[in-house]
Amino acid sequence: MINLIIFILIISNLILFFLINKKKIKNFFYKSKISTVSVSELNKIFETQKIDNKIYGPKKDVIIKSFCISPENKIVGMTSNYEAWIIGCLSKVSKNIFEFGTCSGKSTYIMALNSKDDSKIITLTLNPKKIDKISNKKGDNKISYRNMIDESIYNKFLFSGSNEEKKIKVIFQNSVNFDETKYKGFFDLIFIDGGHTYNIVKNDTRKAFYMLNNKGIILWHDYVSGKTSSKDVVKFINEIAKKKKIFRIKNTSLCFFKNII
Ligand SMILES: C[S@@+](CC[C@H](N)C(=O)[O-])C[C@H]1O[C@@H](n2cnc3c(N)ncnc32)[C@H](O)[C@@H]1O
């Protein structure tokens, strides 16, 4: 009897320990294996200028056109405003831009608002009417798969009807079937924020490297260690970072690769 009580106490203590330290245990298994750097490592435009000993401010190149979406406007799957600002600043110095994952079009609209008039933006998204044809591959994270379905609901976007829409080409297609071969070395900026399952991130990354020009930048969204829906993104980026110089930007879930370091 005493043995049984001791056994139950040990098990309940172990369960309690697991519940209290759940986040730390998860972080241990999915921890970041890449270095975190300041946003100014991404591009010199992000370097601040000294106004006074106590205050540093933005340079002209990082003043952008932007907007916020209020929480009442229940839009799903967006980048944070700080991440959107980084994307907006890079768009000012990028002519040809490619995006995996349009969703509401928040990031696409920021790109279009800030890029030059002759810029072109291609954005790829799943067709809400054909979403039942998408299946999960073996080993893919089920929560990422569910999010992929839940975020594929928009036929019209935040930029629909705006002046900037003329710069944007939306392609409703599964990125697995997207033919990248006509865009070899073409894009200055590629944002990977489509499906977050291992197989989709791998597919999108392979195509992004092929389409990137020799001064280009690739950004990945949702590199968050310990977050279940980002598990596959973290796993894949940790793997590829063994071969490519990839960094995480401080205070964001963005990672980047740039062709000229
Ligand atoms: C996280 S949202 C993108 C958010 C957007 N970049 C923003 O910041 O406003 C993900 C988008 O990726 C798209 N997507 C998911 N899997 C895809 C796939 N295999 N091919 C193309 N698009 C995909 C979804 O349809 C959805 O529009």
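**Exercise 1.** Which of the 22 residues around the ligand come nearest?

*Solution.* A note before we start: this is a predicted model, where local features need pLDDT of at least 70, side-chain atom pairs count only at pLDDT 80 or more, and totals for chains, interfaces and linings use all residues. Residue numbers start from 1 along each chain as its sequence is written.

Step 1: look for Gly101, Cys103, Lys106, Ser152 and Gly195, which come nearest to the ligand. A residue counts as near when its C-beta atom, placed from the backbone, lies within 6 Å of the molecule.

Step 2: helix H4 (106–114) and strand S5 (120–125) are the elements giving two or more residues to this shell. Helices here are DSSP runs of H or I with at least four residues, and strands are E runs with at least two, numbered from the N terminus.

**Exercise 2.** Find how S2 and S3 are joined.

*Solution.* Step 1: strand S2 (residues 49–52) and strand S3 (residues 55–57) run antiparallel, with 3 bridges between them; strands pair if DSSP finds at least two bridges.

Step 1: pick Lys50, and you'll find its bridge partner in S3 is Tyr56.

**Exercise 3.** Work out which residues Ile218 touches.

*Solution.* Step 1: skip residues up to four places away in sequence, and count a contact when C-beta atoms, placed from the backbone, lie within 7 Å.

Step 1: you're left with Ile190, Ile192, Ala208, Leu212, Phe256 and Phe257 as the residues that Ile218 touches.

Note on methods
Two residues are in contact if their C-beta atoms, placed from the backbone, lie within 7 Å.
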